[in-house]
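This briefing looks at pairs of charged side chains. Side chains of opposite charge can pair when their charged atoms come close.

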Amino acid sequence: MICDQLVLIKELKSLHGEIKRRLIAALQDEVQQVLNSYLSVDANEISNRIRGFEDYLKYPKYLQKAGDLMGSKHFMFSLNNAKKLYFEGLVFRLKAQALGQKAYIDSARIKLEAALTYENEASFIFNELAINYQLSGQTELARKIL
């Protein structure tokens, strides 16, 4: 909201691009730090996962805002969308595990497969997809994609 207000101020016109770039970078940095922690499986991150999926709900929103600011022609747009879909899938999987409702696994898989359309070699997406296949009893498929 602050960024949206700042770019309306005519006196700051020369800084509009810089304001947007810094906000995009801040949003992406926050998400990347969480992704790195998630993949490295440190003790704090494991605690966060055990508590539930609520902590991860903000990251798709951050990435949506970053995508809106950068626009579809930006060179990072594809990776940004892949991460957004990844986190949406992650939330569905964690929700399935926290609530014991396997139906969310299908929603997670759909998000992750959509993420692969943006970044078809992203190992973090394949890793999460394999977890979902494993949880849905598709062990061979999980092994195959890893």
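Is D106 buried, partly exposed or exposed? D106 is partly exposed, with a relative accessible area of 39%; buried means under 20% relative accessible area, exposed over 50%, and partly exposed in between (1.4 Å probe, protein chains only).

This is a predicted model, in which local features need pLDDT of at least 70 and side-chain atom pairs count only at pLDDT 80 or more, while totals for chains, interfaces and linings use all residues. Residues are numbered from 1 along each chain as its sequence is written, and side-chain values use heavy atoms, with hydrogens and water left out.

**Salt bridges overall**
- The whole structure holds eight salt bridges, each a side-chain nitrogen of Lys or Arg within 4 Å of a carboxyl oxygen of Asp or Glu.
- One network of salt bridges links E18, R21 and R22.

**Pairs within one helix**
- D106 forms a salt bridge with R109, with the closest N and O atoms 3.6 Å apart.
- D106 and R109 are three residues apart in helix α6 (residues 103-118), so about one helical turn separates them; helices are DSSP runs (H or I, at least four residues), numbered from the N terminus.
- R109 is partly exposed at 22%.
- R22 and E18 form a salt bridge at 2.5 Å between the closest N and O atoms, and both lie in helix α2 (residues 16-40), four residues apart.
- R22 is exposed at 59% relative accessibility, whereas E18 is partly exposed at 30%.

**A pair between helices**
- R93 and E128 meet in a salt bridge of 2.7 Å, N to O.
- This pair links distant parts of the chain, with R93 in helix α5 (residues 77-99) and E128 in helix α7 (residues 123-135), 35 residues apart.
- R93 is buried at 6% relative accessible area, and E128 is buried at 0%.

Technical notes. Helices (H or I, at least four residues) and strands (E, at least two) are DSSP runs, numbered from the N terminus.
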